[in-house]
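Subject: Structure for your files

Hello,

Here is the structure I said I would pass on. My notes on it follow below the model.

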Amino acid sequence: MAGRPKQGIDYSGWSVDIFDGDKKIDKLLDAKGWKGFGIYFFLCQRAYKVNGYFYEWGYDDCATTARRMGGGISSGTVKETVDYCLQVDLFDKGLFDRWGILTSRGIQRRFWAVLSERRSKTVYGEYWLLKPEECKGLVKVNLFSDVQPTNDDVQGTNEDSLYRKESKVKKSNVYKGAFSDSSLESAFQFYLLVRSQNWGEISDEQVNALREDLLSLSSDLAEQKAILNKAAAGGWKNLYPVQSKRRPKTKKQPEKQGKFKNFEEREYEDMTDLTRKLMQR
């Protein structure tokens with residue numbers, strides 16, 4: 001089975017003028033000092049590494065962030081710094097309050113500089129802040145499966161337009177054995193669209209195999225749609241469960257005393273008694 005396509009990025013380009021012309025950074029340094037900037041920089045790097053353009057984070061993570069950073073940074077300093085970054089728009093407050101993520105237009109611009117070179121150019125529409133003209137060719141998918149995926153508000157390239165025309169021609173083949181739930185079928189079709197763009201066209205038999213894979217992963221409708229949306233957002237070749245299920249731990253069986261050992265000890269005691277009786281005669 002092929003591995004999952006990379007989500008994060010390996011390199012993020014920071015402007016050499018960050019300390020010269022960025023008023024938000026000046027405010028952060030003035031209010032929170034170098035520790036504050038270090039916390040902001042650390043959280044940005046976590047976003048690039050884990051998801052590329054956002055980092056799932058909440059106030060419960062303050063202590064963990066402080067421990068990872070070290071250097072005498074406390075959880076209280078982390079909380080105060082994040083609050084200030086949200087206040088001066090270094091992180092988008094609306095997305096943090098609604099979705100519990102840390103991101104910004106600056107983070108997404110640096111991410112797009114790398115993503116634009118990849119074959120898979122999909123992001124969650126609810127999390128994305130850049131305007132269509134800033135990221136041509138981007139495909140947005142919806143975070144929740146009960147909302148139909150769309151990329152109508154994104155200005156695609158000529159190649160993207162050609163691909164959409166080709167997909168309409170093949171629509172009759174793709175819809176064979178369609179799911180009875182229309183929203184699930186829509187999510188599946190969008191996954192096929194993204195998959196074909198990244199990995200090439202597949203046969204009807206392979207499409208049916210993917211349908212069977214989805215049904216084997218979950219029987220819950222909401223979870224099935226979540227699997228498809230996540231696969232489309234990641235540009236994955238295969239389908240994976242939303243969360244990996246851990247195998248239940250088996251109880252360690254107590255060591256049993258071997259019968260042979262018991263037999264030897266018992267035999268030894270019997271022979272001792274027999275010797276004692278013979279000596280008494």
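**Aromatic residues**

F37 counts as buried, at 10% relative accessibility (buried is under 20% relative accessible area, exposed over 50%, and partly exposed in between, with a 1.4 Å probe and protein chains only). Before going on, note that this is a predicted model, in which local features need pLDDT of at least 70 and side-chain atom pairs count only at pLDDT 80 or more, while totals for chains, interfaces and linings use all residues. Residues are numbered from 1 along each chain as its sequence is written, and side-chain values use heavy atoms, with hydrogens and water left out.

Y40 is buried as well, at 4% relative accessibility. F37 and Y40 are 3 residues apart in helix α1 (residues 23-50), which means about one helical turn between them. Helices (H or I, at least four residues) and strands (E, at least two) are DSSP runs, numbered from the N terminus. An α-helix has 3.6 residues a turn, so residues three or four places apart point the same way.

The structure holds 20 aromatic pairs. Rings of Phe, Tyr and Trp (its six-membered ring) pair if their centres lie within 6.5 Å; planes under 30 degrees apart count as stacked, over 60 as edge-to-face and the rest as tilted. The pair F37 and Y40 is tilted, because the ring centres are 6.4 Å apart and the planes stand at 55°.

What kind of aromatic pair do W99 and Y127 form? Theirs is edge-to-face, with 6.0 Å centre to centre and 65° between the planes. This pair links distant parts of the chain, 28 residues apart: W99 is in helix α4, and Y127 is in the loop between β3 (122-124) and β4 (139-141). Y127 is buried, at a relative accessible area of 5%. Both W99 and Y127 belong to one aromatic cluster, together with Y53, F54, F111, Y124 and W128.

**Charges over rings**

The charged end of K79 sits over the ring of Y59, 4.8 Å from the ring centre. For this, NZ of Lys or CZ of Arg has to be within 6 Å of the ring centre and within 35 degrees of the ring normal. R211 lies over the face of F179, 4.9 Å from the ring centre.

**Helix α2 and what follows**

Which residues of α2 are buried? They include C62, T65 and A66.

Just after α2, G70 has a positive phi of about 65°. G71 is in the loop between α2 (62-69) and α3 (75-87) and is exposed, with a relative accessible area of 73%. G71 and K35 are 36 residues apart in sequence, and 9.0 Å apart in space, C-alpha to C-alpha.

D89 lies in the loop between α3 and α4 (93-99). Its phi is near 70°, a positive value in a residue other than glycine. Most residues other than glycine have a negative phi. D89 is partly exposed, at 40% relative accessible area.

Is S104 buried or exposed? S104 is buried, with a relative accessible area of 8%. It is in the loop between β2 (101-102) and α5 (105-115). Leaving aside neighbours within four places in sequence, S104 is in contact (heavy atoms within 4.5 Å) with L90, F91 and L129.

Regards
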